[in-house]
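Me: Could you take a close look at the aromatic rings in this one and walk me through how they pair up?

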Amino acid sequence: MYELRYQVAITAPPEIVTLSDKVLRGMRDLVESLVRGQTYESWAELKEANRAWFDAFDEMRAKMRLDLDPASLPLPPSAPQ
């Protein structure tokens with residue numbers, strides 16, 4: 001996870017690097033909460049409890065895609081609706 005983050009840091013525009021930091025922190029927070037014993041009854045509950053992470057991830061993917069191909073179409077959200 002960190003190796004990919006470092007690759008982003010040296011190749012992506014600053015806005016995407018900032019989003020990748022936010023995504024990494026959110027992922028780390030989720031993993032730490034699971035290690036502490038946090039459980040979720042459903043995908044919807046996990047998604048809602050981690051909404052900021054899912055939103056940041058979706059935004060980062062969209063901006064990365066546009067950076068690679070400005071004519072690209074929007075992607076669907078990363079999580080099932």
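Reply: Here's a walk through the aromatic rings. This is a predicted model, where local features need pLDDT of at least 70, side-chain atom pairs count only at pLDDT 80 or more, and totals for chains, interfaces and linings use all residues. Residues are numbered from 1 along each chain as its sequence is written, and side-chain values use heavy atoms, with hydrogens and water left out.

Rings of Phe, Tyr and Trp (for Trp, its six-membered ring) pair if their centres lie within 6.5 Å; planes under 30 degrees apart are stacked, over 60 edge-to-face, and the rest tilted. That rule gives three aromatic pairs. Take Trp53 and Phe54: ring centres sit 4.9 Å apart with planes at 75°, so they're edge-to-face. Both Trp53 and Phe54 are buried (under 20% relative accessible area with a 1.4 Å probe, protein chains only; exposed is over 50%, partly exposed in between).

Trp53 also pairs with Phe57: the centres are 5.5 Å apart and the planes at 20°, so this pair is stacked. Trp53 and Phe57 lie four residues apart in helix 4, so about one helical turn separates them (helices are DSSP runs of H or I, at least four residues, numbered from the N terminus). Trp53 counts as buried because its relative accessibility is 16%, while Phe57, at 22%, counts as partly exposed.

Putting the rings together, ring pairs link Trp43, Trp53, Phe54 and Phe57 into a cluster.

Methods
Helices (H or I, at least four residues) and strands (E, at least two) are DSSP runs, numbered from the N terminus.
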